[in-house]
Amino acid sequence: MRSETIPSPGTLYVVATPIGNLADITYRAVAILSEVQLIAAEDTRHSARLLHHYGINTPCIALHEHNEREQAAKLVERLEGGTSIALISDAGTPLISDPGFHLVSMVRERGHRVVPIPGPSAILAALSASGLPVDRFCFEGFLPAKTGARQKRIQALADETRTLIFYESPHRICATLEQMEEIFGGERWAVVARELTKTFETIHGDTLEKLSAWVAGDSNRRRGEFVLLVQGAAGCQPAAGIDADAQRVVEILAAELPSRQAAELAARITGEKKNRLYRHIIDDKQ
Ligand code: SAM
């Protein structure tokens, strides 16, 4: 068992830091951050608050997505000279939708030790309280910002049976939920985990249809940081299998109208669910 809190020379420590509540840090993380010779931080000004809170005076340098490759080479040289270094990001576990991948892979390639100092990550915090199955899950990070690319990615996940986990921005949470409702179907269960560990922490689950309306219904529910979790496809009503008449109607309409409008009209004509018809159009196009 490795329980050291005194850093070894020439070692890179990957240290998880709080995702909101400053008390969510391990004793070992505080000890390592206090005792290493250098901290590589995603944003030195942002991390200054945490370091100051714990009375940590270790020198910091910036390692962010724009300088990571160049900075990684310099940090490897420092490690080779015997310096002990801790890597931290603005929040949570470094590398998880955060900088650090190039550094860690370079350090390992050169045969130096990389030691994880585990702690918070928004993925696991959200999953653990979501009530969704946790035995198998699939982390998708941030979806693409552009509507078309996002739609394609969501479409590609439609049959994924594991619990799906996404990071999402407050600006896109409504659009993403609407697209998911259309593609996965309004009946599928989903959970938004917002502002975890902070004052306005909210964890709310419902069907995609109701959740989408719930988030859209109040601008306060769209503020802050989000993890979005969606039930896997198993156990959901399959989109395939709409009856032949409904298929014919929706296909005729989709040839003349935008997909969403075609699905809406076909739903009114046939009584079939709009989401299932929309999904049929999308499947057909692909
Ligand atoms: N490395 C971090 C981790 O381990 O969770 C994630 C960094 S990523 C750049 C930031 C995103 O994580 C946010 O946009 C949000 O989607 C999610 N996130 C971070 N903190 C959160 C919190 N307190 N509540 C909900 N989501 C959070």
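Me: In S4, which residue is the bridge partner of Ile39?

Reply: The general idea is that two strands pair if DSSP finds at least two bridges between them. Helices (H or I, at least four residues) and strands (E, at least two) are DSSP runs, numbered from the N terminus. In this predicted model, Ile39 has Ala86 of S4 as its bridge partner. Strand S2 (residues 38-41) and S4 pair in the parallel sense over 4 bridges.

Me: Which residue in S4 does Val14 stand opposite?

Reply: Val14 stands opposite Leu87 in S4. Here strand S1 (residues 11-15) pairs with S4 in the parallel sense, over 3 bridges.

Me: Which residues around the ligand come nearest?

Reply: A residue is near a molecule if one of its heavy atoms lies within 4 Å of it. There are 19 residues around the ligand, of which Asp98, Ser121, Ala122, Tyr167 and Phe226 come nearest.

Me: Which backbone atoms lie by polar atoms of the ligand?

Reply: A polar contact is a pair of N or O atoms within 3.5 Å; within protein, one must be able to donate a hydrogen and the other to accept it, and residues adjacent in sequence count only if both atoms are side-chain atoms. A backbone N or O atom of Ala91 lies 3.1 Å from a nitrogen atom of the ligand. For Leu196, a polar backbone atom is 2.8 Å from a nitrogen atom of the ligand. For Phe226, a backbone N or O atom lies 2.6 Å from an oxygen atom of the ligand. The elements that give two or more residues to the shell around the ligand are strand S7 (163-168) and strand S10 (226-230).

Me: Where is Leu95, and what is its phi?

Reply: Leu95 belongs to the loop between S4 and helix H4 (101-109). Its phi is near 80°, a positive value in a residue other than glycine. Leu95 is partly exposed, at a relative accessible area of 27%.

Me: Is Glu195 buried or exposed?

Reply: Glu195 counts as buried, because its relative accessibility is 14%. Its place is in the loop between strand S8 (189-194) and strand S9 (202-207). The phi of Glu195 is near 55°, again a positive value in a residue other than glycine.

Me: How many residues apart in sequence are Thr26 and Gly119?

Reply: Thr26 and Gly119 are 93 residues apart in sequence, and 6.7 Å apart in space, C-alpha to C-alpha. Thr26 lies in the loop between S1 and helix H1 (27-35).

Key. Residues numbered from 1 in each chain as written. Predicted model: local features only at pLDDT ≥ 70, side-chain atom pairs only at ≥ 80, totals over all residues. Heavy atoms only, no water. Buried < 20%, exposed > 50% of the residue type's maximum accessible area, 1.4 Å probe, protein only.
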